[in-house]
Amino acid sequence: MLDIKLIRENPEKINELLKRRNPELSIDEVIKIDEERRKIQTAADELRAKRKKDSQMIGELKKKGENTDAVQAEVKKIGDDIKELEEKQSALDAKQRDLLLHIPNIPDETTPIGASEDDNVEVYKWGEPRKFDFEFKAHWDICEEKNLVDFERGVKLSQSRFTLYRGKGAKLERAIINFFLDYHTGEQGYEEILPPFMANAATMTGTGQLPKFEEDAYKEDMYKCVDEDLYLIPTAEVPVTNIYAGEILSEDDLPKYMTAYTPCFRREAGSAGKDTRGLIRVHQFNKVELVKLCTPQTSKDEHEKLTEDAEKMLQLLELPYRREALCTADIGFSANKCWDLEVWMPSYGTYKEISSCSNYGDYQARRANIRYRDKETGKVQFVHTINGSGLAVGRTFAAIVENYQQEDGSIIIPEVLRKYTGFDKI
């Protein structure tokens, strides 16, 4: 969440940045509550000082053998008044925190200003989309023909937009996961994490999914266990970022690089048409996530490095992609800057998102209370958190199937995956 000190010192600037996201956003109510609670704090402090002074007076009067009833009665009344002020302040603190939890992060000054995803800015492209000299097929048709993904039985076992991989399809999916994890932990130096696939409310709050997704406009976007304070994770970002919640790390422990494979569960509706076919927008999908905790000084560089680490997967798979800078209307609730990586999908005739690499500054760390101690000053401050998909596995699967299909109906396996699949063609 936003730093209340920053809000006090720069209210106009914070409001201006928030309105880049949405003209209706404002921190005016937060400031109003903060001014009220600070007045109460000042009044309580003055009463505490008076109580201390009167308590000392009681001791002096007793030494002199004088009656202290009146002063003691006054001290008791002061104590009651302090308690009343503390209760008011506590209520205002809770209200202020609730407001702050609902206010998104301020965008970085370099985040493009825009009103919708149409205002995202293409940064560059890598690779050339393949030009087919035969009539190519969409991945959902190929998967059904070759029995790689059984969409019909996936629905029968669960509900719409749940999938069942089988045979070489299941093996290809697993191969992609293992390739990503091996490269991230080997060449790129990430620690592998296998976290719980369910998270409690505190963990979901730490990364910004709650309380936002409890509201009517969003509550259908996530899965919650009946009669349990547990949620199926929408991404490994949630448990992995929160590993150090409530802890103070040493600066020597930073940066922390972590990667995790998990299934991800999302109830997001998505758009009608092609997006609801195949593997592009489903309710359960596999993903390998990259997460970093670092100091504020290295935050921007680490964000760029993480994005390049995700891009490397696409380059090794030789899948054409582009990088986009998301505009203020399209960045995530907790993010201040986001690069989207989009892979070329022949069936769509365009690029589709396969990774979002976001820098959150200290926004998530404040919510989760993840801090570190500066080794020079000894001062405790919040870390910066960064994460991105490295990559979404199902979409990688779909991109391989479409981009590597051959005229004879076969699918060539990218060279880097062959030691994992054990075959070079389907």
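Some ground rules. Residues are numbered from 1 along each chain as its sequence is written, and side-chain values use heavy atoms, with hydrogens and water left out. The model is predicted, so local features need pLDDT of at least 70 and side-chain atom pairs count only at pLDDT 80 or more, while totals for chains, interfaces and linings use all residues.

Start with strand β8, residues 321-325. Helices (H or I, at least four residues) and strands (E, at least two) are DSSP runs, numbered from the N terminus. Is β8 covered or open? Mostly covered: 5 of its 5 residues are buried. Buried means under 20% relative accessible area, exposed over 50%, and partly exposed in between, with a 1.4 Å probe and protein chains only. In a regular strand the side chains alternate between the two faces of the sheet. In β8, Tyr321, Arg323 and Ala325 sit on one side. Arg322 and Glu324 sit on the other. Both faces are covered.

Now the partners of β8. Two strands pair if DSSP finds at least two bridges between them. Strand β1, residues 121-126, pairs with β8 in the antiparallel sense over 5 bridges. Trp126 stands opposite Tyr321 there. Strand β9, residues 337-345, also runs antiparallel to β8, joined by 5 bridges. On that side, Glu324 has Asp340 as its bridge partner.

Next, a separate open sheet. Three strands make it, in the order β5-β11-β12, with mixed pairing. β5 (248-250) and β12 (380-382) are at the edges with a single partner strand each, so one side of each has no neighbour in the sheet. Strand β11, residues 371-373, pairs with β12 in the antiparallel sense over 3 bridges. Arg373 has Val380 in β12 as its bridge partner.

How many residues has the largest one?

Look at Phe179. Contact means heavy atoms within 4.5 Å. Leaving aside neighbours within four places in sequence, Phe179 is in contact with Met313, Leu316, Leu317, Val416, Leu417 and Tyr420.

How do α7 and α12 pack? At an angle of about 115°, with their axes 10 Å apart. Axes are lines fitted to C-alpha atoms, for helices over the stretch in contact, and angles run from 0 to 180 degrees between N-to-C directions. From α7 come Gly169, Leu172, Glu173, Ile176, Ile177 and Phe180. From α12 come Val393, Gly394, Thr396, Phe397 and Ile400. That contact divides into 7 nonpolar, 3 polar and 1 charged. For that count, Ala, Val, Leu, Ile, Met, Phe, Trp, Tyr, Cys and Pro are nonpolar, Asp, Glu, Lys and Arg are charged, and the others, Gly among them, are polar.

Last stop, Ala365, in helix α11, residues 363-368. Ala365 counts as buried because its relative accessibility is 0%. Apart from neighbours within four places in sequence, Ala365 is in contact with Ile370, Phe382, Val383 and Thr385. Lys62 is 303 residues from Ala365 in sequence and 52 Å from it in space, C-alpha to C-alpha.
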